[in-house]
Amino acid sequence: MRDNAQFLWHPMAHPKAMQASKPDIIARGQGCWVWDVHGHKMLDGVAGLWSSNLGHSCQPVRDAIVAQLDELPFFNTFRGTTHPRAIELSAALVELMRPDGVAAVMFSNGGSDAVEGALKLARQYHKLRGEKDRSKFIAMRQGYHGVHFGGMSVNGNTNFRRPYEPLLPGCFHIDSPWLYRNAYVTGDEPQDEAELGRLVAAQLEREIVFQGPDTVAAFIAEPIQGAGGVIVPPANFWPLVREVCDRHGVLLIADEVVTGFGRTGAMFGTRLWDVKADLWCLAKGISSGYVPLGATAIGDKVADVFLRDDTAAGQITHGYTYSAHPVAAAAAIATLKLLVAQDIPGHVARVSVPFQQRLRGLVQRHDFVGDVRGHGLMLGIEMVADQARRTPLPKTSDIPARVARAAYRRGLMVRVSGPNLILSPPLVISAAELDFLCDALEAAFAEVAEAAAPR
Ligand SMILES: Cc1ncc(COP(=O)(O)O)c(C=O)c1O
């Protein structure tokens, strides 16, 4: 198509490289399927970008958006005004998250905004309590928390950070509890998941103590790291993290932008570990990607401090023109209704088991597949140079891109992120569609392996 990538600088891409190698133009979507501009049909293995959880033609969400456009396309929610959808969505979201101890929510435009809101509220909470020095944040390597200066400063991916450094001072990183690349074992030593969980939680505690607990505002992490390569922590990790944070008065921020709203087979990722955070970052699946929306959910402990304050210090001097945009709020209300009515997390928990099991088999079939990991409908396939030694793929390797192209030709859209292929299909995907996904992906891997085999 004319002018593709000529005037548009794409996120996470070099503008010049995009002109040389044009992005695919996705023109249409229906259910879990998308069509490119040439009419080529593909299963959407990425749900837009972890977002289109209810698929691309969800009538109730579409109808809610249209009705809202007719009723009130926009009004703000700054001090003094609100609108019916803002009131309804805040009540629906708090009701959904009451089991997690959520008392209130703040709205924004996406995940990066949601993170920013959480980081700021964490600092303000400590100031209100008289602990004015608690300004530092601790996060994990491999973590992804969006692209604003705060979120990028707690981001655990050096490649994303470098072009924009120096970032926010006072942000520190601990290891990711990453079993496949476990920094605490050498050679062929057996891997012990629970031990890894303990060691990394202990590292968090040491970092808090080293910094001085009275200077640390919050620890932020994804319940399962998504963009960093779908890293599922050991089951004991989050409960231990909760204990460490409590011991030192540090707030726990769960970045549920990806894991929220059913993707893991639980309504929220923290529920997998039976942990209650203090602040939650939400976006993507909240409106099923139909209209941009983010939210920061506020737990009882944090809310109480604000609600007990009678000074100007408790005023929220944060928020956006489009916070709780009526059209986004209408889309989210319809999305949340369906999530609950259709028990989407339950569906994910059921269909994801054979999906996860089947793709794990890629490790046995291809020596350039190092690890297949994930939970629910998030799955990462890490490619390696040497399977036995777990040698990382050279950065210049085109193998992940070749597998992705082969999948594309076979009618499956996947995402390449460094050495990983990442899969995050819509949550309403059927068992038959997941079979199609696995068939197409296995054929794509076989095609690339065949092309690379010595003749
Ligand atoms: C865990 C996490 N946090 C925050 C973000 C940022 O969200 P957005 O791109 O909507 O700003 C993302 C985006 O993928 C994410 O995965």
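## Cysteines and disulfides

Zero disulfides (pairs of cysteine sulfur atoms within 2.5 Å) are present in this predicted model. The sulfur of Cys281 has its closest cysteine sulfur in Cys171, 14 Å away, which is too far for a bond. For Cys438 the closest cysteine sulfur belongs to Cys32, and this distance, 14 Å, is likewise too far for a bond.

Cys281 is buried, at a relative accessible area of 0%, and Cys438 is buried at 2%; buried means under 20% relative accessible area, with a 1.4 Å probe and protein chains only.

## Basis of the values

Residue numbers start from 1 along each chain as its sequence is written, and side-chain values use heavy atoms, leaving out hydrogens and water. As the model is predicted, local features need pLDDT of at least 70 and side-chain atom pairs count only at pLDDT 80 or more, whereas totals for chains, interfaces and linings use all residues.

## The sheet and its helices

An open, mixed sheet is formed by seven strands in the order 4-10-9-8-7-5-6. Strands (E, at least two residues) and helices (H or I, at least four) are DSSP runs numbered from the N terminus, and two strands pair if DSSP finds at least two bridges between them. Strand 4 (102-108) and strand 6 (171-174) are the edge strands, each pairing on one side only. From one strand to the next the twist averages 20°. Strand 8 (residues 251-255) runs parallel to strand 9 (residues 279-282), and three bridges join them; Ala254 has Trp280 as its bridge partner in strand 9.

Helix 9 (residues 237-247) packs on the sheet, touching strand 5, strand 7 and strand 8, and its direction makes about 145° with that of strand 8. Helix 8 (residues 193-211) lies across strand 5 (136-140), strand 6 and strand 7 (216-221), at about 150° to strand 6. Contact means heavy atoms within 4.5 Å; axes are lines fitted to C-alpha atoms, for helices over the stretch in contact, and angles run from 0 to 180 degrees between N-to-C directions.

## The enclosed cavity

One cavity of 30 Å³ or more is found in the whole structure. On a 1 Å grid over the protein atoms alone, a cavity is a set of points where a 1.4 Å probe fits but cannot get out, and lining residues have an atom within 4 Å of a point. Grid points are joined across faces, edges and corners, and a volume is the space filled by probe spheres set on the points.

The largest cavity holds about 40 Å³ of space. Its lining includes Met140, Glu222, Gln225 and Trp238.

Note on methods:
Buried < 20%, exposed > 50% of the residue type's maximum accessible area, 1.4 Å probe, protein only. 1 Å grid on protein atoms, 1.4 Å probe; cavity = no way out; pocket = protein on both sides within 12 Å on 5 of 7 lines; lining within 4 Å.
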